[in-house]
Amino acid sequence: MKKNLLIFTLLFLFSSNLFAQTSNPQQYKYIFTVAKDGSGDYLFIQDAIDAMRVYPLAPITLYIKNGVYNEKIELPANNTDVTFIGENVDSTIIVFNDYSGKGKHTTFTSFTAKISGNRFVAANITFSNSAGQVGQALALYVDADKAVFKNCKFLGNQDTIFTSGENARQLFLNCYIEGTTDFIFGPSTAVFQNCTIRAKTNSFITAASTTYGKKYGYVFIGCKIIADPAVTKLFLGRPWRANAKTVFIKCDLPKAIAQEGWNNWSNAENEKTVFYAEYKNTGDGAAVAHRAKWTKQLSDKEAQRYTLANVFSLSLKNSEPGYNWFENTTPAAFNLNAFTQKIPQVIPLYKNGVPNSTGAPDKESSSSRDNINRIAKVSNPTLTIFKPVKPNGKAVIICPGGGYLYLTIDKEGKKVAEEMNRWGITAFVLKYRLPDDTTNIDKSLAPLQDAQQALRLVRTNAKEWGVNKNQIGIMGFSAGGHVASTAATHFKFVADAEEKDTTSVRPDFAILIYPVVSFDSTIAHKGSRNNLVGSKASEKTINFFSNELQVDKETPPSFLVHAGDDGAVPVENSLRYYQACIKNKVPAEIHLYPKGGHGFGMNNKATDDNWLERLKNWLNRL
């Protein structure tokens, strides 16, 4: 009796747990949003993927707002039934720059996006690998079954799309695909319908590796093949493995198509196993008189078999769920209403007037050059708050650089804040005043006043903003590094003599990226120094703003990065600050990149290792 009771109890508990896992689907989230402007649930696509329930009880939709998402993403196999819908195919861009041979990367780890979750759908998105012509570099690795890509673009060079999964089936509708060599390759069964395919060099469009025994490999239906002007000999395909199958049906072929059409990859044995065929193609490259003898022209009867249902060889009956996964060709609608207006909050730095101000009219202006936004003549400082999805309590105030002449507010401000958010850090971009005798009574003190006020403001509102008041740091790039290092060394100096608030303005840590530190004429960045204190500043002023001379035992822990930058900001600035920290037993870490360049921001291919990862680890140890 006791044994039966125990069995009953275990069965009850097991069934109760199973019921809890599979019932009440409404308790889970099925709509996700990503936006670079902060109006979505997440700033990064991978963060949204990581938050999704695996094997969901209902399909999941991710809406992706226009923006360039510079990230490497992966949708694992247990993330099934997921749809990505971009706002606009030309403006919703996922891009990365890995390639085979970069570090430990191989062809198959060089992807920008890897999609493994079955029944995946993507619409209105550009997938790009920006590595250039450096060898194999995937824009897309897809091994999901029943995957559909509608109105998407795939940009790359060699090996743009890898259609993986020996038993996987994939459909590309109304897509644009470009590349150089074998830029559509792999073992899956894939149909490309009404796609535009651009060849950029003399090479091969496809390199199928269809597995033995499968009826269908690659099928191109109604596609338009285009070739760059320099392309004169383009092959429809060559077999990556024996048994490759590729068919072009009613496609428009350019003059650049080689007369023989196909290539055996320098192995005559491949001719015995491959199935390469065409049917009623048009265009200057469609003539079949000189096609390779081991290839085929389909008869009308044979061509009729190339329906989507036959190619995808479904075993389901047409009344069963999932039968028509490939039939929904309607463009997916982007839902702007799914987004909230969670744009970063911008607040004035001062509530009761800007101190040290002449009261002159605001002349702030913005410009863009080389895709970098610059703000000049700042006289009304602000603080922009970027809140992470999962805050860890740390906060950082970010000071963009620009030689005290302008602020590179996006590259060294907003983009940095987004990266900090990804690490769980609440970020504040400081738009500090730029020194100007017409708007500042004492132009040399204005940036420091603003940095101190920012620290005061964040510390005062720490609880409201989800910040630990004892984990507030300051970060600066170039001249912004001078603002940050001045704040880190002059916190006992009251920059605004009329300020009565005694809240501590000492940062808890400092992050100095190719910083202007010293005003010593032998290593100073002349533009920054002259813009802040003038060309005829006194020795006392020069020493006051030479922050390596102001380091003492109370200076906060510091992380420094500097590059050999052809004289923009000499590396001696960081070295002297670091040496002063060591002398005063201040915890400090420095990373130098002799091959780097000034202004490399948050990412730079010239650096020898990942300083961002080093910074992340350093912050975690604080």
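# Report on a predicted single-chain model

F185 is buried, because its relative accessible area of 4% lies under the 20% limit for a buried residue.

The ring centres of F185 and W240 are 5.4 Å apart and the ring planes stand at 70°, so the pair is edge-to-face. W240 has a relative accessibility of 24% and so counts as partly exposed.

How many aromatic pairs does the count give? The count comes to 37 aromatic pairs. Another of the pairs is formed by F127 and F149, whose ring centres lie 6.2 Å apart with planes at 85°, so that this pair is also edge-to-face. F127 is part of strand β9 (residues 126–129) and F149 is part of strand β11 (residues 147–150), so the pair joins parts that are 22 residues apart in sequence. Both F127 and F149 are buried.

The charged end of R238 sits over the ring of F204, at 4.1 Å from the ring centre. In a second case, R506 lies over the face of F491, and the distance to the ring centre is 5.8 Å.

## The chain as a whole

The chain contains 11 helices and 36 strands. Of its 622 residues, 55% are buried. When contacts between residues at least 6 apart in sequence are considered, 72% of them join residues at least 24 apart.

Apart from neighbours within four places in sequence, V311 is in contact with T189, V191, Y216, V219 and Y306.

The second residue, F339, is placed in the loop between α4 (308–311) and β26 (345–348). With a relative accessibility of 7%, F339 counts as buried. F339 and T33 are 306 residues apart in sequence, yet their C-alpha atoms are 6.6 Å apart in space. If residues up to four places away in sequence are not counted, F339 touches several residues, among them T33, V34, A35, Y63 and F334.

Is helix α7 largely enclosed or largely exposed? In α7, 11 of the 11 residues are buried, so this helix is largely enclosed by the rest of the structure. The buried residues of α7 include H482, V483, S485 and T489. They pack against β30 (395–399), α6, β33 (472–477), β34, α8 and α10 (572–583).

The packing with α6 can be described in detail. Helix α6 (residues 446–460) and helix α7 (residues 479–489) meet at an angle of about 65°, and their axes are 9 Å apart. This crossing is right-handed. On the side of α6, the contact is made by P447, L448, A451 and L455, and on the side of α7 by V483, T486 and A487. Sorted by class, the contact has 6 nonpolar residues, 1 polar residue and no charged residues.

Most residues other than glycine have a negative phi. R119 has a positive phi although it is not a glycine, and Y514 likewise has a positive phi without being a glycine. The table sets out the two residues.

| Residue | Phi | Place in the chain | Relative accessible area |

Notes. Residues are numbered from 1 along each chain as its sequence is written. This is a predicted model: local features need pLDDT of at least 70, side-chain atom pairs count only at pLDDT 80 or more; totals for chains, interfaces and linings use all residues. Side-chain values use heavy atoms; hydrogens and water are left out. Axes are lines fitted to C-alpha atoms, for helices over the stretch in contact, and angles run from 0 to 180 degrees between N-to-C directions. Helices (H or I, at least four residues) and strands (E, at least two) are DSSP runs, numbered from the N terminus. A crossing is left-handed if the near helix is turned anticlockwise from the far one by less than a right angle, and right-handed if clockwise. Contact means heavy atoms within 4.5 Å. Ala, Val, Leu, Ile, Met, Phe, Trp, Tyr, Cys and Pro count as nonpolar, Asp, Glu, Lys and Arg as charged, and the others, Gly among them, as polar. Rings of Phe, Tyr and Trp (its six-membered ring) pair if their centres lie within 6.5 Å; planes under 30 degrees apart count as stacked, over 60 as edge-to-face and the rest as tilted. Buried means under 20% relative accessible area, exposed over 50%, partly exposed in between (1.4 Å probe, protein chains only). A charge sits over a ring if NZ of Lys or CZ of Arg is within 6 Å of the ring centre and within 35 degrees of the ring normal.
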